[in-house]
Amino acid sequence: MANLQLERETSIGMQVEDLWDVQESKLNPTQKLNACFENIPVSAFPHTPQGIEIKSDASLAEAVQILAQNKILSAPVVNVDAPEDASWIDRYLGIVEFVGIAVWILQQSEPPSPTNHSPTGAESAVASANGMPSSAELRTLGSEDASITAGDFFEALTSSEFYKKTKVRDISGSFRWAPFLALQQSNSFLTMLLLLSKYKMKSIPIVDLGAGNINNIITQSAVIHMLAECTGLQWFESWGTKKLSEIGLPTISRNQLVTVHEDEPVLQAFRLMRKKRVGGVPVVTGDGKKAIGNISLRDVQFLLTAPEIYHDYRLITAKNFLLAVKNYLEKHDTRSPMLSGMITCKTNETIKELIQMLDSLKIQRVYVVDDDGNLEGTITLRDIISRLVYEPPGYFGDFFDGVLPLPENCRV
């Protein structure tokens, strides 16, 4: 299976190489890449071995267990009430993520805003039927409440009836797409790459219209791995040997970087990520110029899957979180990228070197530092993909008008 995956990844690179040579000479390198990727269908992308789906009537606890056991961060949600002959758009409710579950839980723990409305009748009915408090009641656990940052808070939460009885379908309103944005197998690589970069998609399902199911799921990480396998090919080397500073990276500078101090509660880190729409924050010390580690939205899984590791902490600070997770992984998963420490790079490194590092360490972002180790910015997988292709004028027409009301610098 591994050899087959490698062959398909190499095949994509060779297809680009062959197409590169026949493009019009008047095109610049970026235009050539766009033209090449427009001529390769997404059906050529290596299939992921995932194939995991979660039923809509599964509880949050069951969904977390499925994701953790299969070491995946998200999975499609199948509507158990859909007829057998349903089309894909009726068969699936969306894609549920560790992040989505955790953020939804955090939303329930925040104090009500003066602009918040009372809970809907449906919300109260769901809560009552499951024998649990409504979200309004849970919101009385404000961010200032010390118990919510104590080491036993998530241990109590994950053993609660609320966590065990709330169904995945009950939080479907938190899914980004309804059901989700999907591509057909005939759609192009260019479309896929633009969705994963400019349009901020973390993963894209590829659907089989005839069978009404998901044929493949392409992630940002999978694209970076594909690029890493293209090392040595002419088109990749001509692009990949450029320095980060030459292609405008990092796009997020030090002044724009969202950080959390090591002594702040770890929940503050996750709330900042949700509020600022970023996928990760560096944990900083002292004057905030240097970082001791990184916390990403995906790391919230450790609050749900191993809450006992914080039991002895009076307060789960960002620093305590990093230490507890590190100790846990040293015993249970020595290959975890979180054991690699703070991963950094400098602007004089090449895009190829960065791709190879991100792929080998299986991480989503890297922090840019100067010669003294001071933070200068961050680079994500999406930033790299966005430098590979561009959106031609009118490419998507008016499809996204009003669909993606996200801020310009959204980083999720």
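The structure is a predicted model, so local features need pLDDT of at least 70, side-chain atom pairs count only at pLDDT 80 or more, and totals for chains, interfaces and linings use all residues. Residues are numbered from 1 along each chain as its sequence is written, and side-chain values use heavy atoms, with hydrogens and water left out. As for the cysteines, Cys230 is buried at a relative accessible area of 1%, and Cys345 is buried too, with 1% relative accessibility. Buried here means under 20% relative accessible area, exposed means over 50%, and partly exposed is in between (1.4 Å probe, protein chains only).

On to the strands. An open sheet is built from 3 strands in the order β1-β2-β3, with mixed pairing. Its edges are β1 (54–55) and β3 (92–97), each of which pairs on one side only. Strand β2, covering residues 74–78, runs antiparallel to β3, and 5 bridges link the two. Within that pairing, Val77 has Gly94 of β3 as its bridge partner. Two strands are called paired if DSSP finds at least two bridges between them; the strands themselves (E, at least two residues) and the helices (H or I, at least four) are DSSP runs numbered from the N terminus.

Next comes the nonpolar interior. A nonpolar core is a set of buried Ala, Val, Leu, Ile, Met, Phe, Trp, Tyr and Cys residues joined through side-chain atoms within 4.5 Å. The largest one has 55 residues, and Phe37, Phe189, Met192 and Trp235 touch the most other members. The top contributor to this core is helix α10 (residues 189–196), which puts in 7 residues. Apart from it lies another core, made of 49 residues that include Ala63, Ile72, Val266 and Leu303. Back at Trp235, the residues touched, not counting those up to four places away in sequence, include Trp20, Phe37, Leu227 and the cysteine Cys230. Contact means heavy atoms within 4.5 Å.

Helix α10 also meets helix α2 (residues 29–38): their axes come within 6 Å and cross at roughly 115 degrees. That makes α2 roughly perpendicular to α10. Axes are lines fitted to C-alpha atoms, for helices over the stretch in contact, and angles run from 0 to 180 degrees between N-to-C directions. Angles under 35 degrees count as roughly parallel, over 145 as roughly antiparallel, 65 to 115 as roughly perpendicular, and the rest as oblique. On the α2 side, Asn34, Phe37 and Glu38 meet Phe189, Leu190 and Leu193 of α10.

Ala182 sits in the loop between α9 (161–165) and β4 (183–184) and is buried at 19% relative accessibility. Leaving aside neighbours within four places in sequence, Ala182 is in contact with Trp88, Pro205 and Val207. Trp88 is 94 residues away from Ala182 along the chain, yet their C-alpha atoms are separated by 9.6 Å. Ser203 belongs to strand β5 (residues 203–208) and is buried at 11% relative accessibility. With neighbours within four places in sequence set aside, Ser203 contacts Ile95, Leu196, Ile217, Ile218 and Thr219. Gln301 is part of helix α14 (residues 301–305) and counts as buried at 17% relative accessibility. Beyond neighbours within four places in sequence, Gln301 is in contact with Leu73, Phe98 and Ala306.
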